[in-house]
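Subject: A structure for you to explore

Hello! Here is the structure I promised you, with the sequence alongside. Have a look around, and then read on for what turned up.

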Amino acid sequence: MAKTILIVDDSVTMLMSVKNSLSLGGYQVETASNGQVAIDKLNAGLKPNLIVTDINMPVMGGLEMIGKVRALPGCRFFPILTLTTESEAAKRDEGRRLGATGWLVKPISGDNLLKVIKQLLPGA
Amino acid sequence: MNGRELRLHSIRGRLAVRVAIGFLCNALLGVVLSSRQQPTSIPNWLWIAGTLALLNLVPLLIVEWANWKGAKRAISEMWAFGQHSLEEVSRELAVYKTIKVDLKDCKPYIDVMHEQIAGAMSESEREIMALIEQLNLLSVQTSQQMERITQSVQGGKALSEVTRSRVEQNQRLISRLEAKLDEQAGEMRGNYEQIRLLADDVKALTPIIQIISSIAKQTSLLALNAGIEAARAGNAGRGFSVVANEVRELSKRSTSAAAEIGEKLNATARKVEEKMAEAQQALEEKHGLDELQQLVSDLTEMQKDFSHSSKLQLEMVFDVEAGHRQGVSHLLEAMGHIQFQDVMRQRMEHVQEALVEMRDHLLRLTEMQDRPGWDGLFDTNFKTLQEAHLSKYRMASQTVTHLTVAGGDLGADHSRPAIELF
């Protein structure tokens with residue numbers, strides 16, 4: 001059964017681009033337009049194997065979302081990758097402290113994204 | 001120092017001289033006043049006022065009279081300077097008013113630019129979305145094609161395995177058939193050889209029959225001669241005559257038997273010839289057997305070709321699969337490049353924010369200009385606004401662009417690795 005990845009980004013083009021790339025990689029993909037929508041989906045029972053999230057988003061940003069996701073039951077250990085234009089070291093360090101697994105800078109090729117995800121989800 | 005400033009300096013010098021003379025005159029007046037202490041019929045106030053007027057007027061008149069030409073020239077210059085200054089002030093006032101009006105007009109201008117950028121971003125995003133839709137369709141088709149190719153690969157592998165097994169099986173059958181055919185051909189050649197030997201044997205009997213027949217004829221002649229001799233001998237040869245008759249009878253029977261044997265031999269020879277013909281036919285059919293063997297050989301070659309074709313077909317399917325995977329890789333690359341839209345959007349949003357910031361700053365400046373008693377001091381300016389942008393940038397490329405244009409430490413590494421796993 002295909003593993004599920006949740007993509008969180010306020011940019012529709014980013015959502016579509018990353019969704020297509022991951023679908024080509026054989027993953028089941030769910031999307032959310034900001035951190036709050038992602039939290040709502042998780043509370044509604046979505047059990048992703050991995051989350052890819054932007055940082056700067058309206059309503060709820062990626063860093064806040066990571067902190068809240070890690071506090072949810074059963075969401076403490078699966079990988080969370082940030083995919084952002086943000087290059088500030090302080091934010092990266094904060095993301096790491098909150099529980100992010102990796103920090104990816106936009107734009108990233110589909111091949112490289114899939115390589116990272118396959119490294120984090122072996123056997124997928 | 002320009003011409004206007006030189007003229008002004010000269011005028012100021014002359015005025016200073018006059019003021020100095022005035023001071024000297026007043027000092028002299030003071031001395032005179034202090035020396036006059038006796039009473040007089042003229043009231044003191046009048047005396048003092050008149051004296052002051054005269055004493056003040058006289059030196060001044062003297063000085064002005066002495067310098068009236070220079071003063072006239074200086075006044076002319078001052079007048080010209082005043083006129084020029086007035087023109088300058090008027091012009092600067094006009095410029096100021098124009099700039100003030102223009103600054104107020106910056107709002108619609110910047111708003112238009114702001115909306116132009118927003119429109120361009122919107123159009124770009126719409127087109128990118130259309131492109132993504134197309135790529136999405138391509139992606140779906142690619143996935144379906146991938147499934148078909150995977151099935152083809154699996155089918156090709158199964159077909160190849162079945163073909164290989166069937167070819168091996170057929171090869172074994174063909175080998176057995178070839179062996180059977182060889183065996184049959186050997187038997188046929190053996191049969192033909194035996195029949196040929198039999199025919200030779202039968203043919204070899206024919207002269208013996210002739211010999212027997214010849215012996216029988218000679219025996220008959222001998223018996224006839226013996227009978228003649230027995231008749232000539234009379235009673236003495238009567239017994240011999242009986243023997244001679246018996247011999248002649250035996251000869252007749254021998255001739256008859258020889259003829260019968262000859263006929264039977266001929267019959268046997270005909271049968272042998274028939275068998276020979278049959279054997280010949282069988283050997284001729286052996287030629288058909290060769291054709292069959294050739295057919296078997298061709299079939300073997302065909303199977304080899306088929307097996308080779310099957311292998312090539314499988315390789316072709318593998319090549320198609322590899323090519324398809326490469327296509328998928330290119331598609332993934334394209335998907336990555338599309339993300340530039342989001343990067344560009346964020347950079348343009350920052351430019352939009354800067355435009356709004358610039359507009360608001362200019363409008364505040366015009367408001368401050370209208371404020372009475374404004375001392376010209378302002379809490380922000382473009383320099384501080386520009387410097388503040390450095391802390392707002394999200395991307396290293398934004399910082400590098402800023403520092404390249406505005407100047408700054410480009411030596412520091414503003415970039416971060418594209419992929420960092422913690």
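Are H3(B) and H6(B) parallel, perpendicular or oblique to each other? Before we get to that, some notes on the model.

This is a predicted model, so local features need pLDDT of at least 70 and side-chain atom pairs count only at pLDDT 80 or more, while totals for chains, interfaces and linings use all residues. Residues are numbered from 1 along each chain as its sequence is written, and chains are lettered from A and ligands numbered from 1 in the order in which they are written. Helices (H or I, at least four residues) and strands (E, at least two) are DSSP runs, numbered from the N terminus.

**Two helices in chain B**

Back to the question. Helix H3 (residues 68-104) and helix H6 (residues 340-370) of chain B pack at an angle of about 135°, and their axes are 9 Å apart. Axes here are lines fitted to C-alpha atoms, for helices over the stretch in contact, and angles run from 0 to 180 degrees between N-to-C directions. H3(B) and H6(B) are therefore oblique to each other. (Angles under 35 degrees count as roughly parallel, over 145 as roughly antiparallel, 65 to 115 as roughly perpendicular and the rest as oblique.)

On the H3(B) side you will find B:Lys100, B:Leu103 and B:Lys104, which meet B:Leu362, B:Leu365, B:Thr366 and B:Gln369 of H6(B). Two residues are in contact if their C-beta atoms, placed from the backbone, lie within 7 Å. The residues of this contact comprise 3 nonpolar, 2 polar and 2 charged. For these classes, Ala, Val, Leu, Ile, Met, Phe, Trp, Tyr, Cys and Pro count as nonpolar, Asp, Glu, Lys and Arg as charged, and the others, Gly among them, as polar.

**Inside chain A**

Chain A has 5 helices and 5 strands, and from the N terminus on they run β-α-β-α-β-α-β-α-β-α. Of its 124 residues, 50% are buried. A residue is buried if 20 or more other C-beta atoms lie within 10 Å of its own, exposed if 12 or fewer, and partly exposed in between, with C-beta atoms placed from the backbone. Among contacts in chain A between residues at least 6 apart in sequence, 64% join residues at least 24 apart.

Strand E1 (residues 4-8) of chain A pairs with E3(A) in the parallel sense over 4 bridges, and A:Ile5 has A:Leu50 as its bridge partner in E3(A). Two strands pair if DSSP finds at least two bridges between them. E3(A) also runs parallel to strand E4 (residues 80-84) of chain A, joined by 3 bridges; here A:Thr53 is partnered by A:Thr82.

Two loops deserve a visit as well. A:Val59 counts as exposed because it has 12 C-beta neighbours inside 10 Å. In the loop between E5 and H5 of chain A is A:Pro107, and the peptide bond from A:Lys106 to A:Pro107 is cis, with omega near -10°.

**Where the chains meet**

The contact between the chains takes 30 residues from chain A and 35 residues from chain B. H1, strand E5 (102-105) and helix H5 (110-120) of chain A each supply at least two residues of the side that touches chain B, and H1(A) gives the most, with 9 residues. By class, that side of chain A has 12 nonpolar, 14 polar and 4 charged residues.

Helix H1 (residues 12-24) of chain A packs against helix H4 (residues 106-232) of chain B at an angle of about 10°, with their axes 10 Å apart. That makes H1(A) roughly parallel to H4(B). Among the residues in this contact are A:Met16 and A:Asn20 of H1(A), along with B:Ile132 and B:Asn136 of H4(B).

Strands join the chains too: E5(A) and strand E1 (residues 419-421) of chain B pair in the antiparallel sense over 3 bridges. A:Gly102 has B:Leu421 as its bridge partner there.

Enjoy exploring!
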